[in-house]
Amino acid sequence: MDTLPDNVFSLQNQCPSCGSRRVTVDHGPHPVRCVVPGEGHVETELEFPVMDCHDCGESYTDYRAEKIRDTWVEQIFERYFQA
Ligand SMILES: [Zn+2]
């Protein structure tokens, strides 16, 4: 068996839980939310890939979802906190 690469979380089509390749990708949009101090919850829907494993039921995201969500959170905080 091959050793896992360092960037294991960038694997797109192999389940990190069971190793299955019977994985489908749902590009969304998916609801996301963040908490803005003093404002409460801010919600929106963003398009990013979420992988669903058909063998173990695991749903997972990778660096692409992280990056898209992080960018959105940055924009929210800029909107609320810029003078
Ligand atoms: Zn799985």
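I began with helix H1, residues 63-81, and found that its 19 residues reach 26 Å from the first C-alpha to the last, which is close to the 27 Å expected at 1.5 Å a residue. I note here that the model is a predicted one.

Next I looked up how many residues of H1 are buried, and since the number is zero out of 19, the helix lies largely in the open. For this step I needed the cut-off, by which a residue is buried if 20 or more other C-beta atoms lie within 10 Å of its own. In the chain as a whole, buried residues make up 4% of the 83 residues.

I then listed the elements, which are one helix and five strands, and read them from the N terminus on as β-β-β-β-β-α.

Strand S4, residues 50-53, took up the next entry, and I saw that Met-51 and Cys-53 form its covered face, while Val-50 and Asp-52 form the uncovered one. I looked for its partners and found that strand S1, residues 23-26, pairs with S4 in the antiparallel sense over four bridges, with Val-23 standing opposite Cys-53. S4 also pairs with strand S5, residues 59-60, again in the antiparallel sense, over two bridges, and there the bridge partner of Asp-52 is Ser-59.

Between S4 and S5 I followed the hairpin, which has five residues between the strands, and noted that Gly-57 takes a positive phi near 85°.

Last, I checked the contacts in the chain with a separation of 6 or more, and found that residues 24 or more positions apart account for 49% of them.

Terms used:
Residues numbered from 1 in each chain as written. Predicted model: local features only at pLDDT ≥ 70, side-chain atom pairs only at ≥ 80, totals over all residues. Buried ≥ 20, exposed ≤ 12 C-beta atoms within 10 Å, placed from the backbone. Pairing = 2+ DSSP bridges. Expected span 1.5 Å × (residues − 1). Contact = placed C-beta atoms within 7 Å.
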